[in-house]
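Trainee: Please take a close look at the charged side chains here. Which of them group together, and which of them pair up?

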Amino acid sequence: MRTVQMMGVFGLAGLVLAGCDGGEVKLGDSGTTAPKCEITVTGTDPADGATDIALNATVSFTLSEVDDTASISADYDGAMTASEDGLTLTWTPTGALTAETTYTVTLDFCGGSESVSFSTVEALDIDIADHTYALELRNASIDEPAGVGGILADQLPEFILMQVVSADASNIQFMGSLAIEGSTDQDTCSATIGFPSADFSTAPSFAVGPQDTVLTVGGYSATLYGMELEGTFASDGSSINDGTLRGAIDMREVAELLGYTPEDACNLLGAFGASCEACPQDGEGFCITLAASDLEGDLVDGLELIEVADNDCPGCESGEPVCQ
């Protein structure tokens, strides 16, 4: 069993209070009693008993208060990290888990212990090469920027199409495209997205990026800087589930689409409790972090993407400016 323990400024006090299990502990000969530990676990991710968990999934425990004596152990190798506020402790596997297997992760803290048992996804039992999936970006949960997810979701593409070009035990290669609004047909007036070879060692889960990716919506182009995309294929290849997307958006590129100047767009975000931050490409304070979870996409039967270069438009007849 692997254990990592986080000890901070109050680590020594935690040792002195050995036995902080909800009872009172006397300190030395003074007769003074310490208050019982009232820290509780307010949530776990995933929940105990969860199924279909990705082979690279993390397990998190959220506490009601910081406990510098808390530690996590599991029946697989991993490492513990803490959130900036110290309330959420996360166990990250150091290697791929095994498909169709049950694991247990346990948090020990001054209030006792809490365990999460989960089962991993079924192994992928189909060749997914040339399969194309329509990821529903607008229906995903927009976690960042906080407070403006609903507003931002309306400006995002409805579907991102992802075709598996090739896949083996180590790597997977995708080609991406936007879909025509209101359908899952390829928008051949937008350039296809060339993704780098992605890690597939935790199949059926995959991880793409980070890479800078240009998206074009309604005639406007914007770059998603440092884009990272993760997801898990259903065992029968019928869908991509539990997807996450993360990257930085430069408000100087999208403010016009929203009807604002970049400065006004950032000020508007501030009114909702969000803020613009330094952009990764030049350090200027006009970028926001886009983070989406619960990204799902079904297989689109028979759809094979056509590779499209910038300003190219396959199928458009001469003299008909279909692609604007």
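**Charged side chains**

Mentor: D236 is partly exposed, since its relative accessibility is 45% (buried is under 20%, exposed over 50%, partly exposed in between; 1.4 Å probe). The model is predicted, so local features need pLDDT of at least 70 and side-chain atom pairs 80 or more, while totals for chains, interfaces and linings use all residues. Residues count from 1 along each chain, and side-chain values use heavy atoms, without hydrogens or water.

D236 sits in the loop that joins β19 (220-233) to β20 (239-250). On the surface, D236 belongs to a patch of negative charge, along with D52, E100, E122, D125, D143, D242, D294, E296 and D298 (over 30% relative accessible area, no salt bridge, like charges within 9 Å). The greatest share, 3 residues, comes from strand β21 (residues 287-299) (strands are DSSP E runs of at least two residues, helices H or I runs of at least four).

Turning to pairs, the structure has 4 salt bridges (Lys or Arg side-chain nitrogen within 4 Å of an Asp or Glu carboxyl oxygen). In one, E181 meets R138 at 2.7 Å, N to O. E181 is in the loop between β15 (171-178) and β16 (193-194) and R138 in the loop between β12 (132-136) and β13 (141-144), so the bridge ties together parts 43 residues apart in sequence. E181 is exposed at 52%, whereas R138 is partly exposed at 27%.

R252 has a salt bridge to D250, with the closest N and O atoms 2.8 Å apart. D250 is buried, at 3%, while R252 is partly exposed, at 34%. R252 also meets D282 at 2.9 Å, N to O. That pair links distant parts of the chain, 30 residues apart: R252 lies in helix α3 (residues 251-258), and D282 in the loop between α4 (262-271) and β21. Through shared partners, D250, R252 and D282 form one network of salt bridges.

Terms used. Patches are made of residues with over 30% relative accessible area and no salt bridge: like charges are joined within 9 Å, nonpolar side chains (Val, Leu, Ile, Met, Phe, Trp, Tyr) within 5 Å. Accessible areas come from the Shrake-Rupley method with a 1.4 Å probe; for residues, only the protein chains shown count as cover. Lys and Arg count as positive and Asp and Glu as negative; His and the chain ends are not counted. The place of a charge is taken as NZ of Lys, CZ of Arg, CG of Asp or CD of Glu.
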